[in-house]
Amino acid sequence: MSQLQARFFTEDQRYVVDDVPFSVPAASEVQDLGNVINKLLEAKHASHSRVEFDFLVRGQFLRTPLATHMETEGISTEDVVEIEYVQRITAPEPEECMMHDDWISSVEADSEWILTGSYDKTARIWSLEGKAVMTVAGHSDVVKDVAWVKRDGLTSLLLTASLDQTVLLWEWNSERNKLKARHCCRGHTGSVDAISTDPTGSKFCSGSWDKMLKIWSAVPTEEADEVEEPADRPRKKQKTQQLGLTRTPLMTLSGHNEAVSSVLWCDSEEVCSASWDHTIRVWDVEAGIVKTTLTGSKVFNCISYSPLCRRLASGSTDRHIRLWDPRTKDGALVLLSLTSHTGWVTAVKWAPSHEHQLVSGSLDNLVKLWDTRSCKAPLYDLAAHEDKVFCVDWTESGLMLSGGADNKLYTYRYSAAQTDAGA
Amino acid sequence: MEASRRNVQSAGQRVGMKKTEKTDKKRSKPDEEEEEDQLFDLNNKAVEEDEDDKDLSDSEDSVYSGLEDSGSDSEDDDDDEVVEEEEEEEEEEKDGSNANEDEEEHSEQSTVKKSKKKEGAVVEKEMKKDDEYDHDTSDEEDIRNTVGNIPMEWYKDFPHVGYDLDGKKIFKPIRNKDELDDFLEKMENPDYWKTVHDKKTASDIVLSDEQIELVKRLQRGQFGDVNFNEYEPTVEFFSKDVMIHPVTNRPADKRSFIPSLIEKEKVSKLVHAIKMGWIKPRRVEDDSRGRFYDLWASESSSSLAKHKMHLPAPKIPLPGHEESYNPPPEYMFTDEERALWEQQDPSDRRLPFVPRKYPGLRQVPAFSRFIHERFERCLDLYLCPRQRKMRVNVNPEDLIPKLPKPKDLQPFPTTQSLVYRGHSGLVRSISVSPSGQWLVSGSDDGSVRLWEVCSSRCMKTVQVGGAVKSVAWNPNPSLCLVAVAVDSVVLILSPALADKQVVSSSERVLTAKEEEEGPSEGSQPVVWSETEGEELNQGIRLKIQHPKPVHQVTWHSKGDYLASVMPEHSSHLQVFIHQLSRRRSQNPFRRNKGLVQAVAFHPIRPYFFVATQRSVRIYNLVKQEMTKKLQANSKWISSIAVHSGGDHVICGSYDCKLSWFDLDLSTKPYKMLRHHKKAVRSVAYHRGYPLFASASDDGSVIVCHGTVYNDLLQNPLIVPVKVLRGHAITHDLGVLDVTFHPTQPWVFSSGADATIRLFT
């Protein structure tokens with residue numbers, strides 16, 4: 001069995017070859033197949049310049065010689081093999097390294113600005129080029145999570161959640177570089193570890209160590225909500241001076257038995273939360289009830305949802321990234337496990353424009369770029385960090401970010417051509 | 001055939017005896033000899049009867065007796081042959097016809113004999129007549145002389161030798177031959193050598209050449225007839241092939257088809273007799289009495305039983321190739337083997353001798369150890385064990401208790417996840433907040449650090465100015481307080497790492513009882529004091545001054561009571577129980593019952609565990625009496641932990657043991673675990689999961705699964721599930737403290753390498 005019948009196809013119109021079965025050596029690897037395709041394309045278009053391709057056999061990336069791959073996948077070698085090829089994702093190139101004063105706990109970037117939360121009790125706003133624009137100081141304790149809410153022209157709304165049990169809603173004018181704390185969201189009795197805004201930017205959800213999720217309004221107003229103060233009010237006043245107007249939650253979702261480690265507003269009225277009680281719960285925000293509970297066996301650190309493939313990705317303390325289908329009712333069905341990390345997976349993020357790719361960060365100092373079609377090994381290991389990685393993000397523009405305990409925020413430029421092809 | 005002939009001969013002899021009433025010496029000779037003699041008769045007689053001839057020759061007339069013996073058979077001719085041969089032609093002719101008839105009736109061998117006789121007759125005939133075959137017969141009586149078969153010496157003194165058929169005397173020839181004549185004849189007569197003397201006729205006969213030739217042939221054992229082929233091929237009438245014709249053509253008898261009536265009668269008689277019981281078919285011979293007897297009939301059953309348990313003497317193994325005088329080369333010792341053999345103790349040697357090679361069996365010397373070996377053999381026989389050893393074949397694997405797979409006992413910590421770095425000295429003690437979010441550690445570098453569990457971030461460092469011996473987080477979730485033992489002071493720390501409500505309530509607890517402080521003071525050995533300034537800013541709220549260095553602090557589960565341990569041999573002030581809300585301290589024990597190593601509160605009941613070096617005493621704090629004393633079976637208890645249910649206690653000891661007690665069961669440890677190589681420093685129980693862990697100086701933490709079933713009949717399942725390594729051994733100290741996460745199956749360990757590690 002030295003030759004195999006293979007038919008090549010692609011969805012990328014630029015690199016289409018004739019739909020003819022070819023006889024390829026069984027021992028050929030990705031490089032050999034790439035040569036074949038490039039030769040074919042050169043024969044077709046004289047102007048073709050060499051392109052690196054990756055090959056998929058039945059939805060799985062080819063990483064070994066073709067015969068070995070088919071043997072492990074149990075594909076018959078008698079028939080014509082359908083091999084899909086895509087342009088190879090080039091390695092993300094590290095772009096900027098933004099030094100912080102302390103550990104970086106969280107990062108969120110939009111098309112223009114990067115917002116990072118740090119253990120030095122501040123959040124920072126950076127330009128995409130790595131210039132520090134603004135320091136958001138106001139919390140009395142470590143900033144655990146940050147989120148952009150909305151941008152109206154030059155005015156942006158942003159959120160910072162902290163160990164001091166509050167979430168602050170800030171208004172930032174990028175032109176004048178003026179920052180104003182609009183609201184102080186009080187109500188949690190533990191450190192607020194995760195926040196997430198809804199797609200419209202009118203509400204946000206927070207998850208806390210006190211096992212609660214709270215839904216808040218993200219619309220800044222001019223009046224403070226009424227809060228019943230404890231009896232010893234003067235003492236408390238002394239301790240922390242109020243920043244912005246107090247805001248109370250619209251709704252409290254309780255049901256987790258342990259600390260909530262990650263929340264996610266995945267649909268207009270749907271909130272997902274991961275907890276240390278080994279469950280991921282999907283909540284109906286309207287009704288305030290649990291829609292689905294996905295039960296795992298280990299503590300969940302982070303979740304991410306991709307509307308493209310409608311999958312939840314979770315990172316947990318047993319080093320695995322698991323993919324879930326949140327629509328299954330009370331199912332604990334793991335669709336796929338991505339295993340390569342050697343430490344807790346602390347952050348996971350789907351590619352905003354690619355249905356198969358996600359990035360993950362772990363306590364083993366590595367950031368990994370994954371393709372779900374190759375679950376055994378990641379596409380790339382980004383070994384820039386020297387200490388634990390706590391947060392990763394991935395912007396629409398193809399920028400990947402990761403921050404960790406080495407006080408550095410790395411940005412990686414991700415090949416733009418890929419986004420076209422993948423989506 | 002020979003036998004029959006002999007009979008016939010003897011019969012003939014008898015006849016002869018009757019006739020002559022005298023026995024010839026020749027007759028008594030064995031027949032074989034006789035046979036031979038007969039062959040030579042012609043020659044011998046000539047010589048032998050010379051004397052006779054002298055006498056016989058005296059009478060000229062030879063008389064024929066015509067009388068024939070009627071009783072004589074043709075066989076008698078054998079004996080009378082010589083005589084007969086000298087009969088006259090007429091008779092011979094007659095005889096010949098008879099002889100021919102006779103020949104046909106005789107069997108092969110006799111035919112041979114007859115042919116000899118015939119030859120003899122031929123000789124005679126040729127001498128006398130040409131047509132001898134007309135009448136010559138060897139069967140006929142020699143009728144030339146009718147005296148018959150008598151010794152001829154009887155006629156020695158007569159001039160005749162007998163009578164012819166007509167009754168006339170047959171006279172001997174006139175003999176004038178004396179010795180000289182004889183000699184002269186011998187010298188002169190060329191035919192002397194072939195001249196024979198016939199006694200019966202007393203005449204000399206010169207043998208012809210044919211006769212001589214015949215004699216020679218017979219002497220050689222050949223047939224007289226030259227033309228006779230004795231080796232003619234036999235015609236086989238019977239062969240292996242099945243022939244179409246039977247050997248005999250005789251039809252089968254009728255009787256062979258018909259059952260025999262006589263036999264039938266006999267059988268029916270037998271059957272009738274058997275039926276009537278007159279005869280017994282196949283009577284078994286009864287040997288029970290008489291011929292044989294039971295030698296051991298009188299033996300008791302016990303002695304018989306002994307025989308059943310007979311043990312054969314140990315057998316000598318058969319000699320192998322090594323014992324050979326010429327062993328194959330692979331059995332010969334190499335130099336190393338020989339050296340080893342010489343070094344070894346005789347009892348350890350594989351062989352009791354050295355194989356040696358000799359060129360031949362004859363070269364083998366006497367076996368020098370023979371006596372020795374015999375003696376050993378006798379010893380073997382004498383010392384052969386008299387009792388049967390009941391050997392039970394037990395697979396050692398079966399003796400190992402069936403342990404469940406660790407996989408089935410999950411969850412338990414398996415891998416190191418986080419390392420909390422920051423201390424510069426060995427970390428003596430760690431404690432986790434009741435929520436599981438924070439971890440406090442006390443180190444020899446004089447600091448107490450507060451860590452965020454999930455990120456290994458050190459949130460706060462409190463300098464306490466001395467080596468921290470013990471830290472304990474208040475187990476009450478509504479309070480956020482840490483007790484720290486530094487030297488002889490117990491500090492109450494408020495880390496302010498909790499909800500404001502909790503922080504404020506703990507503040508309240510700390511400050512509430514200021515008014516009552518006054519009266520409780522006095523001659524107390526323990527002094528409570530509040531802190532100020534720098535210490536207050538760090539969060540240290542209260543100081544409890546003890547008279548001696550405090551080694552351990554531990555909280556009651558309600559969080560109000562605090563126990564501290566000051567081990568000292570000579571004092572009864574070893575344990576203090578402090579009440580935080582009232583700022584009171586008391587010493588519960590009046591007497592010193594031994595060096596107190598560790599104390600613990602019962603999580604539910606008002607019991608107090610005090611571990612001394614060898615035992616654990618359980619006191620009822622309400623009744624103020626000792627309820628139980630657990631014997632740890634170890635030399636020096638280092639630590640104690642109580643299960644959250646309060647029914648089980650584990651004790652670690654410096655002699656590497658971990659004892660597991662079931663308080664309902666016994667005061668002895670239910671199980672002793674000796675998995676550690678070095679002293680066990682600390683033990684811990686998980687609050688929710690059935691896990692306990694032990695930390696040791698060998699740098700490892702061993703996590704054990706310990707399930708106690710509600711069914712009392714089922715034994716508790718205590719299985720070590722994981723050895724966790726990670727801590728480096730520094731100054732011969734490994735892991736100093738171990739504690740579980742309150743909610744997750746995670747275990748923290750602090751080591752002498754100044755790190756704290758989290759295993760998940």
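Where is A:Asn407 found? A:Asn407 sits in the loop between β33 (399-404) and β34 (408-413) of chain A. I start there because most residues other than glycine have a negative phi, and most peptide bonds are trans. A:Asn407 is not a glycine, yet its phi is positive, about 65 degrees. Please keep in mind that this is a predicted model.

The relative accessible area of A:Asn365 is 25%, so the residue counts as partly exposed.

β29 and β30 bring me to a sheet in chain A. Four strands make up this open sheet, in the order β28-β29-β30-β31, with antiparallel pairing. At the edges are β28 (345-350) and β31 (380-382) of chain A, each pairing on one side only. Neighbouring strands are turned by 20 degrees against each other on average, with direction ignored. Between β28(A) and β29 (residues 357-362) of chain A there are 5 bridges, in the antiparallel sense. For one of the residues involved, A:Trp350, the bridge partner in β29(A) is A:Leu358.

Now the aromatic residues. How many aromatic pairs are there over all chains? The count comes to 26. Take A:Trp209 and A:Trp276: their ring centres are 4.9 Å apart and their planes stand at 75 degrees, so this pair is edge-to-face; the cut-off for that class is over 60 degrees. The two residues are 67 residues apart, and the pair links distant parts of the chain. A:Trp209 is in the loop between β16 (203-208) and β17 (212-217) of chain A, and A:Trp276 is in the loop between β21 (270-275) and β22 (279-284) of chain A. Are these tryptophans buried or exposed? A:Trp209 is buried, at 10% relative accessibility, and A:Trp276 is buried as well, at 4%.

Elsewhere in chain A, ring pairs link A:Phe8, A:Phe22, A:Phe53, A:Phe55 and A:Tyr85 into a cluster. Rings also take part in contacts with charges. A:Arg151 has its charged end over the ring of A:Trp148, 5.1 Å from the ring's centre. Across the two chains, B:Arg457 lies over the face of A:Trp103, with 5.1 Å to the ring centre.

That takes us to chain B, and to helix α9 (residues 261-276). Its 16 residues should span 22 Å at 1.5 Å a residue, and the end C-alpha atoms are 22 Å apart, which agrees. Of those 16 residues, the number buried is 1, so α9(B) lies largely in the open. At the start of α9(B), a side-chain oxygen of B:Ser260 comes within 3.4 Å of the backbone nitrogen of B:Ile262. After the helix comes B:Gly277, with a positive phi near 85 degrees.

Chain B also has an open sheet of 4 strands, in the order β6-β34-β33-β32, with antiparallel pairing. Its edge strands are β6 (416-421) and β32 (735-740) of chain B, each pairing on one side only. The twist averages 20 degrees from one strand to the next. β32(B) is joined to β33 (residues 747-751) of chain B by 5 bridges, and B:Val738 has B:Ser749 as its bridge partner in β33(B).

Last, a peptide bond. Which form does the bond from B:Gln410 to B:Pro411 take, cis or trans? The bond is cis, with omega near 5 degrees. B:Pro411 lies in the loop between α13 (396-399) and β6 of chain B.

Technical notes:
Residues are numbered from 1 along each chain as its sequence is written. Chains are lettered from A and ligands numbered from 1 in the order in which they are written. This is a predicted model: local features need pLDDT of at least 70, side-chain atom pairs count only at pLDDT 80 or more; totals for chains, interfaces and linings use all residues. Side-chain values use heavy atoms; hydrogens and water are left out. Two strands pair if DSSP finds at least two bridges between them. Axes are lines fitted to C-alpha atoms, for helices over the stretch in contact, and angles run from 0 to 180 degrees between N-to-C directions. The expected span of a helix is 1.5 Å times one less than its number of residues. Buried means under 20% relative accessible area, exposed over 50%, partly exposed in between (1.4 Å probe, protein chains only). A polar contact is a pair of N or O atoms within 3.5 Å; within protein, one must be able to donate a hydrogen and the other to accept it, and residues adjacent in sequence count only if both atoms are side-chain atoms. Rings of Phe, Tyr and Trp (its six-membered ring) pair if their centres lie within 6.5 Å; planes under 30 degrees apart count as stacked, over 60 as edge-to-face and the rest as tilted. A charge sits over a ring if NZ of Lys or CZ of Arg is within 6 Å of the ring centre and within 35 degrees of the ring normal.
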